[in-house]
Amino acid sequence: MTMMRNTIGAALVLATLTAAAPPPQQVVAARHAGFKKMGAAMKALGDQLKSDAPAKPAMVAAAQAIATTARQQAALFPAGTGPGAGVKTDALPAIWTNRAAFDAQMKALIAESGKLVAVTNGGDVTAIRAQMKATGATCAACHRQFRAED
């Protein structure tokens, strides 16, 4: 899995450097991998918060993974990578037909995940729980509007 992510990441970097757009399959695979990474980090953070003695370094690492990946995800929805591209994706056409609303949702995710990093660094478990809930609500709001149900 790591090798696949590195290959996808390398392909995206190479495409950016050569000014050639990567194939839609690579873009969709990269954003899918990013969302899975964010989901795994949310689960890791949640698991820490459920434990009797949450490990701050693990929580900080999870929050940082969420925030870093959120910033990267915003660029992974270029034109031609939606359902019409012939690639399996849960992304709805509304992402491209209502781009302003989608971009606003992505900005909200970046902001909320940044706050999650800040409160996690502070170590207050109650504040971390509250901000994790706010971050998750931002994810859910975007899913309702821009992601097809599985």
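Which residues have the most contacts inside the largest nonpolar core? They are Leu 45, Leu 49, Ile 66, Leu 116 and Met 132, in a core of 16 residues. This is a predicted model, so to speak on its own terms: local features need pLDDT of at least 70, side-chain atom pairs count only at pLDDT 80 or more, and totals for chains, interfaces and linings use all residues. Numbering starts from 1 along each chain as its sequence is written, and side-chain values use heavy atoms, with hydrogens and water left out.

**Overall layout**

- The protein has six helices and zero strands; both are DSSP runs numbered from the N terminus, helices being H or I with at least four residues and strands E with at least two.
- Read along the sequence, that gives the pattern α-α-α-α-α-α.
- Of the 150 residues, 33% are buried (buried is under 20% relative accessible area, exposed over 50%, partly exposed in between, with a 1.4 Å probe and protein chains only).
- Among contacts (heavy atoms within 4.5 Å) with a separation of 6 or more, 69% join residues 24 or more positions apart.

**Cores**

- A nonpolar core here is a set of buried Ala, Val, Leu, Ile, Met, Phe, Trp, Tyr and Cys residues joined through side-chain atoms within 4.5 Å.
- The largest one has 16 residues, and the elements giving two or more residues to it are helix 2 (24-50), helix 3 (56-73), helix 5 (99-122) and helix 6 (125-146).
- Helix 3 gives the most to this core, with six residues.
- Leaving aside neighbours within four places in sequence, Ile 66 is in contact with Met 38, Ala 41, Met 42, Ser 113 and Leu 116.
- There's also a second, separate core of seven residues, including Ile 95, Phe 102, Met 106 and Cys 142.

**Helix 3 against helix 5**

- These two pack at about 165° with their axes 9 Å apart (axes are lines fitted to C-alpha atoms, for helices over the stretch in contact, and angles run from 0 to 180 degrees between N-to-C directions).
- Helix 3 and helix 5 are therefore roughly antiparallel; the cut-offs are under 35 degrees for roughly parallel, over 145 for roughly antiparallel, 65 to 115 for roughly perpendicular, and oblique for the rest.
- Helix 3 passes helix 5 in a left-handed crossing, meaning the near helix is turned anticlockwise from the far one by less than a right angle.
- The residues of this contact divide into 11 nonpolar, seven polar and two charged (Ala, Val, Leu, Ile, Met, Phe, Trp, Tyr, Cys and Pro count as nonpolar, Asp, Glu, Lys and Arg as charged, and the others, Gly among them, as polar).
- Thr 120 sits in helix 5 and, at 0% relative accessibility, counts as buried.
- Not counting residues up to four places away in sequence, Thr 120 touches Lys 56, Met 59, Val 60, Ala 63 and Ile 128.

**Helix 2 against helix 6**

- The axes of helix 2 and helix 6 come within 11 Å and cross at roughly 150°, so the pair is roughly antiparallel.
- Their crossing is left-handed.
- On the helix 2 side, Met 42, Leu 45, Gly 46 and Leu 49 meet Val 125, Ile 128, Arg 129, Met 132 and Gly 136 in helix 6.
- By class, that contact has six nonpolar, two polar and one charged residues.

**After helix 6**

- Glu 149 lies in the segment after helix 6 and is exposed, with a relative accessible area of 71%.
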